[in-house]
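The exercises below ask you to read strand pairing, a chain contact and a helix crossing from a model. Work through each task before reading its solution.

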Amino acid sequence: MSFDVTKIRADFPILDQQIRGKPLVYLDNAATCQKPQAVIDSIVQVYSCDYANVHRGVHALSERSTAAYEGAREKVRQFINARSDKEIVFVRGTTEAINLVAQSFGKAKIKQGDEILITAMEHHSNIVPWQMLCAQTGAVLKVAPINLQGELLLDDMLAMLNDRTRLVAVVHMSNALGSINPVAKIIAAAHARSIPVLLDGAQAVPHMPVDVQGLDCDFYVFSGHKLYAPSGVGVLYGKEALLEAMPPYQGGGDMIRKVTFEATEYNVLPYKFEAGTPNIAGVIGLGAALDYLSAIGMQNIAAYEAELLSYATQQASKIESLRIIGEARQKGAILSFVLQTVHPHDIGTMLDSIGIAIRAGHHCAMPVMDFFQVPATARASFAMYNTQQEIDVLMQGIAQLIEVFG
Amino acid sequence: MFDDLRDLYQEVIFDHNRNPRNFRVMPDADRKVEGFNPLCGDRLTLFLKITEGVIQDASFQGSGCAISTASVSLMTEIVKGKTEQEANQLFEMFHAMTTGKEDAINLESVGKLAVLAGVRDYPARVKCATLAWHTLEAALKNEQQSVSTE
């Protein structure tokens, strides 16, 4: 199918509005992206017609909700090409997924003096849970370096793997820089030493096809809300054998098979990790988002967004006082930048006044800001519904505000 | 193009952003306090020279957005020669003006600082304008810890 951005835009009702008298240009997709009508409809449908608690009722609504909820699990399995539904655990988001692995896998397997290896371009959510685990266990967090283009120094990273390394946790695509990491090489090298690898796919999944069996990663985590699905739902993929061996993360309903006051028998995968009533409508909305994306094709989305990024980079390079932060050769549709004379927060406010939504700040990646010696960056992050015309509007806005600030 | 922002970004603010006043380290300062908003990245160090309860000199170093830079630059100008008590009163007035809690505030009484009144319509930016003043308040109380308005 050919990629028709006009048709895609028409599927997103929120995009059709004026902000402060100007057409909305939404370029904050790395923070969260907008929802197509199909996802909105799926939420309306479940709450209007099919809603009840899952996995327990014998009545019709519970059966319908359970079928839709478990149907979404199968859609996730297909979308990332996992081997089994048992390997798909629904969580609140990427952050909870990483915390789950840290507290369950980590506490069971990681001891004093062990090492956890991450990179210098991680989001706080792939730093702090490991720091907490290190504080609890006496393990050590090691950080692989990056260069000024925002690329991981792969050889340095691989040289940091050793007999004490128990886990490698790497961002697939950086939210602050756009860099796409050479994860296949990292996984191969880590596996050669029998070290499992967790990939933070929060930014990667909306922008490229992801095949967890092809990658052979041990854990893959992502959020729904960056993937055109509702907020408050996310996925932990884990290889079955690993998940099977891990203790539960939270205790409660749904994650048990049998409870007495003397002992509790835990439920099978994936329910062992889904304590309590889950985000039923959110999961069903995620399923609808995956249907929508699959119909367009992730390969088509990736190709279109590569064009957008290339155009944006080319146009941005024409602005003399603009410095792009993150110039990796392998890069997703994110343009982080600073201006010589205008602070990112002023850029954000100025652009907002003409209808353009970007992010200004440290993007939950303060170590990245420190590395580039900037207090913050302005970040335009693109989605499949953005257009070259919108990039033109952005660039005109930037040129004008540079003039105003003088 | 940015007509809607004239109340926020007045010419005085651009001027102080381009040419901040009293932008220097004060080696013999009596008070030195850091203000830092980590979410924004606005960071400043405020220096005061105080003799017998009067602010003899005020200066700053740091980097931030136009609003925070202009705010601290204007502040160092206006507090020079003021008693600590007068400076505290200015802090109260500035706070009321920027948070919009006191509509009746007389903008004339704050003099030049009135150019920052526009931030009250931009809730996300109030913290930029008030960082300098909260840092001043801490300095007047002789507190050492870093100040944040986030």
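**Exercise 1.** In this predicted model, determine the sense in which strands E11 and E12 of chain A pair, and describe how they are joined.

*Solution.* Start by locating the strands: E11 covers residues 256-259 of chain A and E12 covers residues 264-266 of chain A. Next, look at the bridges; there are three, and the pairing is antiparallel.

**Exercise 2.** Count the residues in contact between chain B and chain A, then sort the chain B side by class.

*Solution.* The contact involves 17 residues of chain B and 18 residues of chain A. Sorting the side of chain B that touches chain A gives 10 nonpolar, three polar and four charged residues.

**Exercise 3.** Classify the crossing of helices H2 and H4 of chain B, and list the residues that make the contact.

*Solution.* H2(B) spans residues 66-79 and H4(B) spans residues 126-140. Their axes come within 7 Å and cross at roughly 40°. Angles under 35 degrees would count as roughly parallel; the two helices are therefore oblique to each other. The crossing of H2(B) past H4(B) is right-handed. H2(B) contributes B:Ile67, B:Ser68, B:Ser71, B:Val72, B:Met75 and B:Val79 to the contact. From H4(B) come B:Cys128, B:Ala129, B:Leu131, B:Ala132, B:Trp133 and B:Leu136. By class, this contact has 10 nonpolar and two polar residues, with no charged ones.

Notes. Residues numbered from 1 in each chain as written. Chains lettered and ligands numbered in written order. Predicted model: local features only at pLDDT ≥ 70, side-chain atom pairs only at ≥ 80, totals over all residues. Pairing = 2+ DSSP bridges. Helix = DSSP H or I, 4+ residues; strand = E, 2+ residues; numbered from the N terminus. Contact = placed C-beta atoms within 7 Å. Nonpolar A, V, L, I, M, F, W, Y, C, P; charged D, E, K, R; others polar. Axes fitted to C-alpha atoms, helices over the stretch in contact; angles between N-to-C directions. Parallel < 35°, antiparallel > 145°, perpendicular 65-115°, else oblique. Left-handed = near helix turned anticlockwise from the far one by under 90°.
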